[in-house]
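I opened my notebook to go through this fold piece by piece. Here is what I looked up, in the order I looked.

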Amino acid sequence: MRVGAISGVLLAVSLATASFAQGPAAKWYPPGTPAADQPSPSRPAAASTPVVLNARIGEHQDRTRFVVEISDPLTMRVFTLTNPNRVVIDMPEVLWRLSGPQKPTGTGAVKSYRYGLFRPGDSRFVIDLNMPVTAAQPMLLPPDGGYGYRIVLDLFPTTQAKFDDAAGWPADLRAREAAAETMASLPPPNPAATPIPSATPSARKIIVLDPGHGGIDSGTTGVDGSMEKDLVLDEGKRLAKLLQRRGYTVHMTRDTDIYIPLRERVNISRGYDADLFISLHADSNPDPGVSGASIYTLSEHGSDSEAAALAKRENQSDIIAGVDLTGQDDSVSHILIDLAQRDTINRSARFAEAAVGTLSLATDILPRTPHRSAGFAVLKAPDVPAVLIELGYLSNIRDCDQMGTDHWRDAVASAIASAVDRHFAPQPAREIGAGPQAAE
Ligand code: ZN
């Protein structure tokens, strides 16, 4: 992936500054324009929060036209990313009121798109492309003919080489991301973090719960339309409460519907010096008959091809959210050496086995080898034992139905909490130092 080149796809649109005397052309701010001269890229969500009402795709012979209807004029910025090819539209925090967004036919440049909160104050569209394109300057059209304000973005076919040249996060975004990452390695304030004094050893154990996905990345969608990101957030909150009651110190990587980069989730668990990291997910499968929970630990190649494919899907989160992965090292091998040296693999596997045991009493377990391993990016903290739990299959009617009930959610939270208890229970003396990698 090419880095740094911003070129003409870095744009900002503002009705206040656009000149309608020359038609509805948007104002373009060339790279390097001082921030003070540009419209504010974000503002706090308030009563005046703009509402996105509709999004349409027009597939024409020479271009694909993406039209977003909004209640109020707003500033926006468009840039492109490679690997895979995407167009990202950033705007201040908006309310999403799209009624049944139009699906692309697949014949034009737009393969699919999604939208949502990227971080507090920033909303985002991410458009997946079927072909490399040049994104023209977006235009802002005033209300007319029953439509509200419209942002019109034309995408013209181009070559991959030209697309690559233009692609990359704008420099200021990249700088802000780097700053955010530094912050993430420090323990953030978290209302769920109040430790409960207790005489039990669990009081000293720190658990980081990681509800997967969030914000613009909704994860997989259930047969009933429910979203993975909502299910795992609710399950995470239930589990947090239970663990706190049992005396553990609990932190969550997110406790609202917001996107958190995968690496930031790892940084959060390291920042808290966690004793255990539990990532919560739900799976889907083209075969609607596949059902049951499963638990994953980190490995380089995956215990089997299905586990490897799952890790690939779960690792898409940053791509889905429109993150530029330039410079990120995806290889697991050097981390595995670190993991082995610190006995983290053994500890992760031990918790996974405990969780298979307790979960099998509370829900259906994937019949074949429920504890598997693969290269999950979110499990890469070398010093924190970490597992990823797939609670069940949202593509399976029975799983999906039961995952929607309070009864199931409480039972599963209780099962995971019991596994945590079992994991941290004092070990029989004969086991201490017994493993070949037990020395730390
Ligand atoms: Zn997931």
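This is a predicted model: local features need pLDDT of at least 70, side-chain atom pairs count only at pLDDT 80 or more; totals for chains, interfaces and linings use all residues.

**Entry 1**

I went to asparagine 83, which I found in the loop between E3 and E4. Asparagine 83 has a positive phi of about 60°, although it is not a glycine. I then looked at the peptide bond that joins asparagine 83 to proline 84, and it is cis, with omega about 0°. Proline 84 sits in the loop between E3 and E4 as well.

**Entry 2**

Next I followed the strands on either side of the loop. I found 4 strands in an open sheet, in the order E3-E4-E7-E6, with antiparallel pairing. E3 (77-81) and E6 (110-119) are the edge strands with a single partner each, so one side of each has no neighbour in the sheet. From one strand to the next, the twist averages 20°.

I then went through the pairs one at a time.

- E3 pairs with E4 (residues 86-92) in the antiparallel sense over 5 bridges. Arginine 77 stands opposite aspartate 90 in E4.
- E4 and E7 run antiparallel and are joined by 7 bridges. Here I noted valine 88 opposite valine 126 in E7.
- E6 and E7 are antiparallel too, with 8 bridges between them. Tyrosine 115 has phenylalanine 125 in E7 as its bridge partner.

I found 7 of its 8 residues buried, so the strand is largely enclosed by the rest of the structure.

I looked up alanine 166 next and found it in helix H1 (residues 160-166). It counts as buried because it has 21 C-beta neighbours inside 10 Å, where 20 or more is the cut-off. Alanine 166 and leucine 81 are 85 residues apart in sequence, yet 8.4 Å apart in space, C-alpha to C-alpha.

That made me check the chain as a whole. Among contacts between residues at least 6 apart in sequence, 79% join residues at least 24 apart. I also noted 10 helices and 16 strands in the protein chain, and that 44% of its 440 residues count as buried.

**Entry 1: another positive phi**

Histidine 213 is in the loop between strand E11 (206-211) and H3. It has a positive phi of about 60° although it is not a glycine. Is histidine 213 buried or exposed? I counted 30 C-beta neighbours inside 10 Å, so histidine 213 goes down as buried.

**Entry 2: helix H10 and its two contacts**

I started with H3 (residues 228-245), which packs on H10 at an angle of about 50°, the axes being 9 Å apart. The two helices are therefore oblique to each other, and H3 passes H10 in a right-handed crossing. On the H3 side I listed residues including Arg238, Leu239, Leu242 and Leu243, and on the H10 side residues including Asp410, Val412, Ile416 and Val420. By class, the contact of H3 with H10 has 8 nonpolar, 1 polar and 5 charged residues.

Then I turned to H8 (residues 344-362) and H10 (residues 406-424). Their axes come within 8 Å and cross at roughly 145°, and the crossing is right-handed. From H8, the residues in contact include Phe351, Ala354, Ala355 and Leu359, while H10 brings residues including Ala411, Ala415, Ser418 and Ala419. The contact of H8 with H10 divides into 11 nonpolar, 4 polar and 2 charged residues.

Key
Residues are numbered from 1 along each chain as its sequence is written. Axes are lines fitted to C-alpha atoms, for helices over the stretch in contact, and angles run from 0 to 180 degrees between N-to-C directions. A crossing is left-handed if the near helix is turned anticlockwise from the far one by less than a right angle, and right-handed if clockwise. Two residues are in contact if their C-beta atoms, placed from the backbone, lie within 7 Å. Ala, Val, Leu, Ile, Met, Phe, Trp, Tyr, Cys and Pro count as nonpolar, Asp, Glu, Lys and Arg as charged, and the others, Gly among them, as polar. A residue is buried if 20 or more other C-beta atoms lie within 10 Å of its own, exposed if 12 or fewer, and partly exposed in between; C-beta atoms are placed from the backbone. Two strands pair if DSSP finds at least two bridges between them. Angles under 35 degrees count as roughly parallel, over 145 as roughly antiparallel, 65 to 115 as roughly perpendicular and the rest as oblique.
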